[in-house]
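Biologist: Before we start, I would like each label to be set against its rule. Please show the model, and then we can go through the terms.

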Amino acid sequence: MATRNKARRRAVEILYEADLRSVSPSTVLADRIARVQQQTPQDSDPRIGEYAVELVEGVARHQERIDSLIETYSVGWPLDRMPAVDRNVLRLGVYELLWQEDVPDVVAIDEAVGLAQQLSTDESPQFVNGLLNRIMELKPSLQR
């Protein structure tokens with residue numbers, strides 16, 4: 001599962017870059033893939049695995065719905081006021097919870113919390129955990 005863990009981190013990096021540049025995650029993904037294909041063995045930019053591509057494309061495909069859910073259930077935290085890292089960790093977590101059937105809910109939440117611990121503030125893991133647990137509880141009524 002270490003490979004999926006790395007893929008999730010890579011996906012968050014791509015989502016974060018897209019967010020900061022105000023472009024589609026698909027655009028950043030395509031740029032990164034093109035860059036990796038042109039690099040030499042000495043270059044340090046690691047390749048983008050299939051699961052990272054699947055995650056970024058999935059978040060991009062469902063981003064409007066994902067953002068709506070995050071906004072609805074993050075009481076007191078409008079999407080645009082959240083730290084960008086948290087926003088994108090949550091996007092990934094919600095996507096895995098609702099659309100990745102081969103990922104157990106607890107794994108999706110644990111992985112998102114772990115990313116928040118690695119990449120964001122001290123308060124972020126608790127925030128991510130609480131919001132994703134709420135979405136998990138409501139999952140049957142949220143899926144579409």
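**Labels and their rules**

Modeller: At 16% relative accessibility, Lys139 counts as buried. The model is a predicted one, in which local features need pLDDT of at least 70 and side-chain atom pairs count only at pLDDT 80 or more, while totals for chains, interfaces and linings use all residues. Residues are numbered from 1 along each chain as its sequence is written, and side-chain values use heavy atoms, with hydrogens and water left out.

Biologist: Why is Lys139 called buried?

Modeller: Buried means under 20% relative accessible area, exposed means over 50%, and partly exposed lies in between, with a 1.4 Å probe and protein chains only. Lys139 has 16%, so the label is buried.

Biologist: What makes Lys139 and Asp105 a salt bridge?

Modeller: A salt bridge is a side-chain nitrogen of Lys or Arg within 4 Å of a carboxyl oxygen of Asp or Glu. The closest N and O atoms of Lys139 and Asp105 are 2.7 Å apart, so the pair meets the rule. Lys139 lies in helix α6 (residues 124-142) and Asp105 in helix α5, so the bridge ties together parts 34 residues apart in sequence.

Biologist: Which residues do salt bridges with shared partners join into one network?

Modeller: Glu17, Arg21, Asp31 and Arg32 are joined in that way. The structure holds 13 salt bridges.

Biologist: How do you know that Glu13 and Arg10 form one?

Modeller: Their N to O distance is 3.9 Å, and the limit is 4 Å, so the pair counts. Both residues lie in helix α1, 3 residues apart, about one turn of the helix. An α-helix has 3.6 residues a turn, so residues three or four places apart point the same way. Arg10 is buried at 16%, whereas Glu13 is partly exposed at 29%.

Biologist: Where in the chain are Arg4 and Asp102, whose side chains meet in a salt bridge?

Modeller: The distance there is 2.8 Å, N to O. Arg4 is in helix α1 and Asp102 in the loop between α4 and α5, 98 residues apart. Arg4 has 23% relative accessible area and Asp102 has 48%, so both are partly exposed.

Biologist: What makes α1 a helix, and how many residues has it?

Modeller: Helices are DSSP runs of H or I with at least four residues, strands are runs of E with at least two, and both are numbered from the N terminus. Just after α1, Ser22 takes a positive phi of about 55°.

Biologist: Why is Glu111 called buried, and what does Glu111 touch?

Modeller: Glu111 lies in helix α5. Its relative accessible area is 18%, under the 20% limit, so Glu111 is buried. Contact means heavy atoms within 4.5 Å. Leaving aside neighbours within four places in sequence, Glu111 is in contact with Asn5 and Arg8.

Biologist: Which buried residues does α1 have, and what covers them?

Modeller: Among them are Ala7, Arg8, Val12, Leu15 and Asp19. The cover for the buried residues of α1 includes α2 (25-38), α3 (50-73), α4 (84-99) and α5 (105-119).
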